[in-house]
Amino acid sequence: MNKQPYAEPWRIKMVEPLKTLSKEQREIKIKEAEYNLFSLDAEDVYIDLITDSGTNAMSDRQWSALMLGDESYAGSRSYLRMKQTIQELLGFEYVMPTHQGRAAENVLFSAMLKAKDIVPGNAHFDTTKGHIEFRHATAVDCTVDEVNKMDSDHPFKGNVDIDKLKACIAEHGVEKIPFMVLTVTCNTGGGQPVSMNNIQAVSEICKQHDIPLIFDSARFSENAYFIKTREDGYQDKSIKEIVKEMFSYADGMTMSAKKDAIVNIGGFIGLRSEKIYRECCTFSIMFEGYITYGGMSGRDMEAVAAGLIESTEYDYLHARISQVKYLGDEISKLGIPIVKPAGGHAIYVDAKSFFPQIPQNQYPAQALGVALYIEAGVRGVEIGTVLADRDPETRQERTPKMELLRLAIPRRVYTNNHMDVVAWGLQQIWAKREQYRGLKIKFEAPIMRHFTATFEVL
Ligand code: F0G
């Protein structure tokens, strides 16, 4: 009863003023943007939840680390500092910087993947899948079925279904599988974590078949927080111990530092195999830059090193993930359907049940995103039929099982008062939800249409 209320383990030293437009002004702006939220000027957005990637607030330690940046072309001190941090924290001997996460995928997959290969995983992220399919290989999703059950509060919905993985290996054969990707947390599945038990089981199977296990590690420390708070036997372990154990099961990793290294740009690859590292070196030099900077400046590498240490502190993670949960709870209290349990970085609103009158081919999640912008100046992102795009062969629209509006929360940027505004905005729409109509696409690009499509209101 008399428990001390909880608050963030930081105070604010610098602020960035936000502009607020009137609802009428926002109606004009979104019409001008042809109902695509990506086409808005960020200045016209009040609370920007389009992504948690690269939108984080750095700490005073990170900002001061920038001043120590060594911009030497080869072998810079900042590279050595980042490498040493990764070696100590994550345990990988070989470290290669890249300018962001998809660049790490590009370099690593160039070295490891060829046409007709099969890459099993737990709901590969779009860019991961893109880099696999671009090489005429196939990503096979082996996530547990719970991931598609919106109401199931399974604590580890990002887990791999071991039977699906075994079946995939049996069907395609080991020689077709150059590696497996395990995404922690699983973004495509709703920011849902993978348990240590599952990581262990996946690793055992991969080892049995000599399949290297690669972690897509963008949100690895958020995953470690869920292990600590939800899995038996980990309550008394520190986040750093849990992280060390998680990565002990991996042969390599790709990282988008724009998430759990709490920076605005950067990425890297971590490897145990010198052979694969050597092969990656060629592609790093071709695509990214010399192997000790790979598209990053020395100062960015300093900020990543400092950020990795901060993101693996319990108090930071508790504040971060509690805020995501706070938003989820506030929205749920209104009776608005969301994916449960709340993920590590985002809340996903179920637009199909929100707007049952809007058929999937009229993009209910896009319509909800537009409505939330108009109502409260909040920008989310559609994870539904627009994003799912057309089948490359038949050109038919793919209709995913879930039609979601993702509200991704940048790290250390907004307060819970902002979260209240987001929930309030949804509440206004919910109260008059039967009045809304769907959208029709006016223009779409042949691939990745969601970024540039234009719409009209039906
Ligand atoms: N892997 C995961 C799990 C991601 O979520 C992302 C990016 C990437 C890889 C690619 O990293 O952007 O640095 O090239 N996700 C962002 C998002 C874009 O909004 O979820 P990147």
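This is a predicted model: local features need pLDDT of at least 70, side-chain atom pairs count only at pLDDT 80 or more; totals for chains, interfaces and linings use all residues.
Of the 23 lining residues, Ile321, Ser322, Lys325, Tyr326 and Asp329 are the closest to the centre of the pocket. Helix H12 (314-333) and helix H8 (220-230) each supply at least two lining residues, and H12 gives the most, with 10. Helices (H or I, at least four residues) and strands (E, at least two) are DSSP runs numbered from the N terminus. Domain 1 (23-52 + 314-457) and domain 2 (60-311) each contribute at least three residues to the lining; these bounds come from an automatic or database domain assignment. By class, the lining has 10 nonpolar, eight polar and five charged residues, where Ala, Val, Leu, Ile, Met, Phe, Trp, Tyr, Cys and Pro count as nonpolar, Asp, Glu, Lys and Arg as charged, and the others, Gly among them, as polar.

Turning to strand S2 (residues 94-98), five of its five residues are buried, so the strand is largely enclosed by the rest of the structure. Buried means under 20% relative accessible area, with a 1.4 Å probe and protein chains only. In a regular strand, side chains alternate between the two faces of the sheet. Here both faces are covered, with Tyr94, Met96 and Thr98 on one side and Val95 and Pro97 on the other. S2 runs antiparallel to strand S8 (residues 267-271), and five bridges join the two; strands pair if DSSP finds at least two bridges between them. Proline 97 has phenylalanine 268 of S8 as its bridge partner.

Two further buried residues are worth a look. Phenylalanine 355, in the loop between helix H13 (351-354) and helix H14 (364-376), has a relative accessible area of 0%. Beyond residues up to four places away in sequence, phenylalanine 355 touches Pro364, Ala367, Leu368, Ile429, Arg433 and Tyr436, contact meaning heavy atoms within 4.5 Å. Serine 203, in helix H7 (residues 196-209), is buried at 4% and contacts Leu213 and Tyr249, its neighbours within four places left aside.

Residues are numbered from 1 along each chain as its sequence is written, and side-chain values use heavy atoms, without hydrogens or water. Local features need pLDDT of at least 70 and side-chain atom pairs count only at pLDDT 80 or more, whereas totals for chains, interfaces and linings use all residues.

Key: On a 1 Å grid over the protein atoms alone, a cavity is a set of points where a 1.4 Å probe fits but cannot get out, and a pocket is an open set with protein on both sides within 12 Å along at least five of seven lines; lining residues have an atom within 4 Å of a point. Buried means under 20% relative accessible area, exposed over 50%, partly exposed in between (1.4 Å probe, protein chains only).
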